[in-house]
2 protein chains.
Amino acid sequence: MRDALLAAGAVEFQEHGYTATGIAALAERAGVYKGSFYHHFASKEAFAVEVLAAYARAARLESLAEGDTPPGDRIRAHFRLLHEQLEGRGYAFGCLLGNFAVEAAPDNAALRAAVELCFAAWVDALAATIDEAWAAHPDEGRDAREVAQFLIAAWEGALMRAKISGDAAPVDVFTRVASSALFPCDEVVD
Amino acid sequence: MRDALLAAGAVEFQEHGYTATGIAALAERAGVYKGSFYHHFASKEAFAVEVLAAYARAARLESLAEGDTPPGDRIRAHFRLLHEQLEGRGYAFGCLLGNFAVEAAPDNAALRAAVELCFAAWVDALAATIDEAWAAHPDEGRDAREVAQFLIAAWEGALMRAKISGDAAPVDVFTRVASSALFPCDEVVD
């Protein structure tokens, strides 16, 4: 019942946003009584934090560090996985992390902290892989953490735009420009 | 009274988001009776489209094409103006355009169309200036429209993150990385 609620939450939050999602609609989608919700979760806020945690786990950040493929390939595979997941949900759904970042009210401290933790973990994992990719270019003169933050921002902005266009075009632009502009180390990596 | 409502709308929408903004709070902030709202605007949706139009005009896209300063300087001045406006409103407010892009429901066709128009005008203006900056590098091999879309996405993603952090750090990262990664033509432009 708890898992059914979490799965329903991911869809409801992405379809309607945080504010517009009601517990009644959530319970109905999960096929449980509304009262059951409060048996499993203290509040909509606490519930949203758990839905976000499950969403973040699906991004498999650990795959950025794993395996014997070159770091540049792992970065591309990472964004390809995110793109496939987005395609599966539909482009109009955007990114749950980005949607929560925009919607979390100043007084929703728990959700804001969870959003910030997800971004920080993502920057850490991506920056480490960019660092690895740049190892052969020590005098590159760029900061891997800042490039990671920039790439993640560009990804989120692309998904924001895809939410309106409803198609892959903004994500395809991200993939092409990010690759040509930010990985001049490709000739070494590939 | 109409102008007071539009000014109040910009603040209410940025503070609470589209969904959570109510006409009563809006009228109260503008210092008018709730009934006056419907005298001036057909709906919250139609009102949001006008608030967005005023917000977009403040970005002064025409300044990207104007003046006798080099195109690279105009691009930097453009994002500096946006950064100053953001600082004035407070980093936690984010970008009204981006916030609406995330929040506009699939059935809110008028607002979605207005958001798409704003993004398209922004991409057009920025791409033309990037093209100008690249004129001396005809074999650059990159697409100015795609780079413009990528930059705008990175800007929106940075403002999304600043909405949570409440400070300038994500915007400063945008400024540094965008400049070093995407304007290799600087030595010609400056």
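Analyst: Start with a term: helices are DSSP runs of at least four residues, numbered from the N terminus. H8 and helix H9 (169-182) of chain A, together with helix H7 (109-134) and H8 of chain B, each supply at least two residues of the lining of the largest cavity. The model is predicted.

User: What makes a residue part of the lining of the largest cavity, and which lie nearest its centre?

Analyst: A lining residue has an atom within 4 Å of a cavity point. For the largest cavity, 14 residues line it. Nearest its centre lie A:Ala158, A:Pro170, B:Gln149, B:Phe150 and B:Ala153. H8(B) supplies the largest share, 5 residues. The volume is about 100 Å³.

User: How are the residues of that lining classed?

Analyst: The lining of the largest cavity has 10 nonpolar, 2 polar and 2 charged residues.

User: What lines the second largest cavity?

Analyst: Its lining is A:Gln149, A:Phe150, A:Ile152, A:Ala153, B:Ala158, B:Arg161, B:Pro170, B:Val173 and B:Phe174. H8(A) gives the most, with 4 residues. About 70 Å³ of space lies in this cavity.

User: Why are H8(A) and H8(B) called roughly perpendicular?

Analyst: Their axes cross at roughly 100°. Angles of 65 to 115 degrees count as roughly perpendicular. H8(A) and H8(B) are therefore roughly perpendicular to each other. The axes come within 6 Å.

User: Which residues of H8(A) and H8(B) meet?

Analyst: Among them are A:Phe150, A:Ala154 and A:Met160 in H8(A), and B:Phe150, B:Ala154 and B:Met160 in H8(B). By class, this contact has 12 nonpolar, 4 polar and 4 charged residues.

User: Why is H1(A) called roughly parallel to H6(A)?

Analyst: Helix H1 (residues 2-20) and helix H6 (residues 96-103) of chain A pack at an angle of about 15°. The cut-off for roughly parallel is under 35 degrees. That makes H1(A) roughly parallel to H6(A). The contact includes A:Phe13 and A:Tyr18 of H1(A), and A:Leu96 and A:Phe100 of H6(A).

Definitions and conventions:
Residues numbered from 1 in each chain as written. Chains lettered and ligands numbered in written order. Predicted model: local features only at pLDDT ≥ 70, side-chain atom pairs only at ≥ 80, totals over all residues. Heavy atoms only, no water. Axes fitted to C-alpha atoms, helices over the stretch in contact; angles between N-to-C directions. Parallel < 35°, antiparallel > 145°, perpendicular 65-115°, else oblique. Contact = heavy atoms within 4.5 Å. Nonpolar A, V, L, I, M, F, W, Y, C, P; charged D, E, K, R; others polar. 1 Å grid on protein atoms, 1.4 Å probe; cavity = no way out; pocket = protein on both sides within 12 Å on 5 of 7 lines; lining within 4 Å. Points joined across faces, edges and corners; volume = space filled by probe spheres on them.
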